[in-house]
Amino acid sequence: MACLFRRSIAAQLSRVLGISTEKLIPVVSAVPVSKKQQTLDFQVSVNSLLTNGYLKLGSNVQSQAKDLSEKLICDHVITEIAVGQRSINFKVNRSLLAEIVVQEVFKKGSKFGIVSELFSGYPCKRVIVEFSSPNIAKKFHAGHLRSTIIGNFIANLKQALGNHVIRMNYLGDWGLQFGLLGAGFQLFGSEEKLNANPLQHLFEVYVEVNKLAEDREDIQKAAQEFFKKLEHGEKQSVALWEHFRTISIEEYEKIYQRLGVHFDEYSGESLYQVKAQELLQLIDQRGLLKKTKQGVGVVDLSPTGDLSVYAKVVRSDGTSLYMTRDIAAAAHRMEKYNFDKMIYVTAKEQCTHFEQLFEVLKILGFNWSERCQHVSFGIVKGMKTRKGDVVFLEDVLNEARSRMLQNMAASKTTKELEDPASTAEKVGVAALIVQDFKGPLLSDYEFDWDRVLQSQGDTGVYLQYTHARLHRYDEVLHQVSEDLQPRHLVNYLIMLSRLASIAHRTLHIKGSLPEVATARLLLFKGISAVLANGMKLLGITPVEKM
């Protein structure tokens, strides 16, 4: 939307500096919009010009800014040029800006902000985003909410920018805990209860058998025996495990549907048992497999080769570990998809794991390990329902919908709705997402229902309210595409909502001259369109009434 203005400024700089306009466009920054009176629209940092080699280093940066500004001229696009702190500030023709922005919103639709010169050299690639990744046979824990909505946002963003995105759910579907669950289900499982409430029943079975296993060796042996049968492909054990996996995915998909999330592929650790063993042979053949005093197989990551830093790849009994299966999975995905980027979205507790994973891949000669990225996040504290501590995500979503329905019923401004529960669900999910995305992803935060669901302030409810009633977008999207931090987009949409609220109170449509009324109506429709596009990227479904 700022194409004409950014290009006009870059063209003037090109004339003076002898650098092509295309190269100079990225150094022209839009100034974030605020509720205060806007004194400038665009800015060029002299330091940025120096860093890129577009300007030779002089004795004084401020003097260089002044000298350069004096060689630039105002025209019908640029109305004012001034020297800032080590920068040159520009004010543009506001009438022209308003006209072009509204035209661009309606012309480009959902591509508004994305079809921009800032993304002109952006390569469209094949991107795998691995996110959510719950453990099967367990109800969806509230702790998986962050991975699910952050991963969905990143996938939405990458897809909007023209990438071919594979949304992957890498399930925790293997390990000794399934031996315990299998043995427990054989002892006191119920097909009737399993069909009625699958994950709840499996959870109850697991808790009960786990408690028994603490004191009874026969239960421990039964669990080991079941898992051994599973590893060796014994039909009855495999059939029961596959049944658990299938019903788990069916139950998870109900939650994903409520969150507006979908996956292209359900993968899992179980798929890499054979490949993990083949990988261990490769590591051993290359002389990379070392042993600790405890007999654990490791890959040495220390710079001096003294095993001061290592990655565990095999237990002392020869069975593979999570790390081994992750290495095998990464190699398989490269074979299958030849990806340009693979992004893992997990909690920050796994940072060391992924650092080691990428390092081992590199040691094994997989140079594409540089294409792998870990996006980590902090924990949510204090997430509770009225019943007490939350364990399951379903409880959180139900609570958000219930509280939102109560708030809507108590509000005098609530419109008559065909399906209040559906609206409350969408607004409740928006509230959860915006609360999560407001700060840096790495930060922990304290969960507060009252703050999450309030209809004023920096909340998802406020975003939905503004959309139902009704800075520069492309730069915000560009910034988000660089660091994958959704807070930039959230903050932009909140500010746009605030400005829209002010405009709604002052720019009346009813009673205005026809041409004025038409222009104002287009403005509000444009704001609504941008809010809708931004919310969809965040994984929020916009509502039309509330």
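Here are some notes on this predicted model, point by point.

1. **Ground rules.** This is a predicted model, so local features need pLDDT of at least 70 and side-chain atom pairs count only at pLDDT 80 or more, while totals for chains, interfaces and linings use all residues. Numbering runs from 1 along each chain as its sequence is written, and side-chain values use heavy atoms, with hydrogens and water left out.

2. **Overall build.** The chain has 21 helices and 16 strands (DSSP runs numbered from the N terminus: H or I of at least four residues for helices, E of at least two for strands). Along the principal axes, its C-alpha atoms fill a box of roughly 85 × 65 × 35 Å.

3. **Burial and surface.** Of the 546 residues, 51% are buried (under 20% relative accessible area, with exposed being over 50% and partly exposed in between; 1.4 Å probe, protein chains only). The chain exposes about 26,300 Å², with carbon and sulfur atoms supplying 50% of that (Shrake-Rupley method, 1.4 Å probe).

4. **Charges.** There are 67 positive and 61 negative side chains, counting Lys and Arg against Asp and Glu, without His or the chain ends. The centres of the two sets lie 6 Å apart, with each charge placed at NZ of Lys, CZ of Arg, CG of Asp or CD of Glu.

5. **The second largest pocket.** Its volume is about 640 Å³. On a 1 Å grid over the protein atoms alone, a pocket is an open set of points with protein on both sides within 12 Å along at least five of seven lines, and lining residues have an atom within 4 Å of a point. The lining has 31 residues, and G143, H144, A347, Q350 and F377 are the closest to the centre. Elements supplying at least two lining residues each include α6 (145-160), β6 (164-171), β11 (341-347) and β13 (380-381). By type, the lining has 14 nonpolar, twelve polar and five charged residues (nonpolar: Ala, Val, Leu, Ile, Met, Phe, Trp, Tyr, Cys and Pro; charged: Asp, Glu, Lys and Arg; polar: the others, Gly among them).

6. **The largest cavity.** A cavity is a set of points where a 1.4 Å probe fits but cannot get out. The largest cavity here has a volume of about 50 Å³. Its lining consists of N135, I136, A137, K138, Q177, F178, L181 and Y206, and helix α7 (residues 176-188) gives the most, with three residues. Five of the lining residues are nonpolar, two polar and one charged.

7. **V530.** This residue sits in helix α21 (residues 514-538) and is buried, at 5% relative accessible area. Between V530 and L496 the C-alpha distance is 9.0 Å, across 34 residues of sequence.

How values were computed: Points joined across faces, edges and corners; volume = space filled by probe spheres on them.
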